[in-house]
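Morning, everyone. Please look at the screen for a moment, and then I'll walk you through it.

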Amino acid sequence: MVEDPQAAIEADYPKEAIPDALTREAREHEAFVEIRRRTYIGRPDYFERLGRHARGDGGPLVLLGDSGGGKSALLSNWLVHWREQHPKDLIIQHYIGSTPDSADHWRLMRRLIEEIKRWTDDPEEVPHSHDDLLKTFPVWLAKGRSKAERDNVRCILVLDALNQLEDRDRSRQLGWLPTHSFVGPLRLITSTLSGEAFEAAESRKWATVTVEPLTTEERHNMIAAYLGRFSKKLDQPRVDRLIAAPQTANPLYLKILLDELRVTGTHERLDERLNGYLKASDIPALLTLVLARYQRDYERDRPGLVGEVLGLIWAARRGLAESELLELLKPADQPQLPKAIWAPFRHAMEDLLVDRGGILNFAHEYLGSAVESAIVRDQDQQYTFRIQLADYFEAQSVSERNSDELPWLLWQNNSRSRLRVCLLDFDRFLAIQQRDKDEMMAYWVELKEERTMGALYLTSFDHWAGHVGRETGRISFGANQLAYFLNDAALHHEAEPLMRRALAIDEASYGAEHPAVAIRLNNLALLLQAMNRLGEAEPLMKRALAIDGASYGAEHPRVAIALHNLTSLLQDTNRLGEAEPLMRRAVEILNTFRRKTGYQHRNFELTQNSYHKLLQGKHGTKLTIGFMTRVRKFFQQ
């Protein structure tokens, strides 16, 4: 029987079963801490302190402790305990440094907002610009707190490793975290090392719990429990020697050492191994010994295997998939590295690598530092690994994956001409722009061509759009995306023909009165307004307003947005008398929306402020206290 293969695939893997981006990210954070949960030894006093904070109503709590001291393990295990007892609570765990974008505080804020939006079933759109994120973040936190109060549950945010936030926009000074939002059922628990983030928390008088090194008894329990998982144990004299070493008070150091002893410690050579490893005074020194052992044990059949695997992972932006590694390391006469060579080393690295959605990366920063010291010691080696990856990704068809890695690798290696060609590939432009428009601009700024890239992109777009068989809808989308990008870069003259082309395509495809056409009209009008071509912009805005009114009804928020845009233009032409009733109408629409839905539209505050300024511009000193009081009451209806 002949079967439709697409139908068979969809039957086994229905689209609705594919997790969305928010769910995938939550699962990646969960995967990151799973290893840490397995090696944790219960510390009841800390569980009780975290529980008291979660049940209370005071400000945020900070866990302070040494790197590798078990803060992530403590938080992740406590959360399991808390969830069992409070299954209806919203718990958002975010382990900074665990996923590719987790250290970006803007993305962190957006993720928290999206989680709260999903939990509260709020119809409001998630903001995209940094300014809007900062402005609305406290509002979204308040929405989460309000739902928790209504449902008599808790909304608990756990932000681990604040010290690993990317050092930009003063993120580690924590100004993006509101001061007074975390009260009542909205709880915030964080962790950090000493340094800038902790000093910022201290200045806000956040409560602090210091995670102390392992006690003698805790070390004894960890040794027995961890080795017991593998049906192994140490005799008491050797346990005593381990416990007596001061560096084993660090849980990560002790776990790495126990892993080495259980896989390499034959009875005859156990003391020799133990003595050798205990000479390492800290985790980086211990991992250097571990890497040397890997090279002795796993490079017999494939010389250089360990160094190449770890060097390539180190060089990649996000890490590498197993399939990518096998292809990169393939012998000349085979399609990939044989699994028989790869599998033993992969198994040995199980707890030192974390799998983030199929991408393998170092489980902690200590391994990255050890690889830098032992394998990629100089700039030539670093360049060689990065260029090998760049060549590999560049040879592939454009995809979201290689569009993330390739330009970053070329930028890291200062391969300027190749980076320029990469960015001007229009399919790659679309892939990067949809993921992170700020990143695309950052590359051009690095090239010092942010003022001249417009003409280059127009040529690239024309070549791309002229491809035989290119769908007109795709061309319209591409023109619009490039127009947004160039407009944000203040390259208005280059953006204009693109916006007009997208408008013409959509008018031909959907008809002149379609809501999509109104969006194109409005965008073109705003561009013309920015270029001070107000006479051309006004009829476009009026036409967009008429389409939105006919499509959505006179009381729809989209009509309010169109009214706001039009009044802004009227103000620019000093026609305040015409603008004032239109702006008042926009406020009435958004007030009605708030009363009907219980939610404040994202444009309400902007519209309110614009109306205030318009009134002040129109009436000047004639505004009385009584008049402004009536205006404020109008906004509060």
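Among contacts between residues at least 6 apart in sequence, what percentage join residues at least 24 apart? In this protein, 69% do. Contact here means heavy atoms within 4.5 Å.

Some ground rules. This is a predicted model: local features need pLDDT of at least 70, side-chain atom pairs count only at pLDDT 80 or more, and totals for chains, interfaces and linings use all residues. Residues are numbered from 1 along each chain as its sequence is written, and side-chain values use heavy atoms, with hydrogens and water left out.

Now the overall view. The protein has 637 residues, and 51% of them are buried. Buried means under 20% relative accessible area; exposed is over 50%, and partly exposed lies in between, with a 1.4 Å probe and protein chains only. The secondary structure comes to 30 helices and eight strands. These are DSSP runs numbered from the N terminus: helices are H or I with at least four residues, strands are E with at least two. Along the principal axes, the C-alpha atoms fill a box of roughly 95 × 60 × 60 Å.

Next, the aromatics. The whole structure holds 16 aromatic pairs. Rings of Phe, Tyr and Trp (its six-membered ring) pair if their centres lie within 6.5 Å; planes under 30 degrees apart are stacked, over 60 edge-to-face, and the rest tilted.

One of the pairs is Phe426 with Trp464. It is tilted, at 4.7 Å centre to centre and 45° between the planes. Phe426 sits in helix H20 (residues 426–435) and Trp464 in helix H22 (residues 453–465), so the pair ties together parts 38 residues apart in sequence. Phe426 is buried, at 3% relative accessible area. Trp464 is buried as well, at 4%.

Then there is Trp444 with Tyr457, an edge-to-face pair. Their centres are 5.6 Å apart, with 70° between the planes. Trp444 is in helix H21 (residues 437–447) and Tyr457 is in H22, 13 residues away. Both residues are buried.

Which residues make up the aromatic cluster? Phe426, Phe429, Trp444, Tyr457, Phe461, Trp464 and Phe485 form one.

Stay with H21 and H22. Their axes are 12 Å apart and pack at an angle of about 120°. Axes are lines fitted to C-alpha atoms, for helices over the stretch in contact, and angles run from 0 to 180 degrees between N-to-C directions. H21 and H22 are therefore oblique to each other. On that scale, under 35 degrees is roughly parallel, over 145 roughly antiparallel, 65 to 115 roughly perpendicular, and the rest oblique. Met440, Met441 and Trp444 of H21 meet Met453, Leu456 and Tyr457 of H22.

Another helix pair: H8 (residues 216–228) and H9 (residues 236–244). Their axes come within 10 Å and cross at roughly 130°. That makes H8 oblique to H9. From H8, Thr216, Arg219, His220 and Ile223 touch Gln236, Val239, Leu242 and Ile243 in H9.

Two charges over rings. Arg262 lies over the face of Phe230, 3.7 Å from the ring centre. Lys147 lies over the face of Trp119, at 5.2 Å. The test is NZ of Lys or CZ of Arg within 6 Å of the ring centre and within 35 degrees of the ring normal.

Last stop, Ile387 in helix H17 (residues 379–394). Ile387 is buried, at 17% relative accessibility. Leaving aside residues up to four places away in sequence, Ile387 touches Asn413, Ser415 and Arg418.
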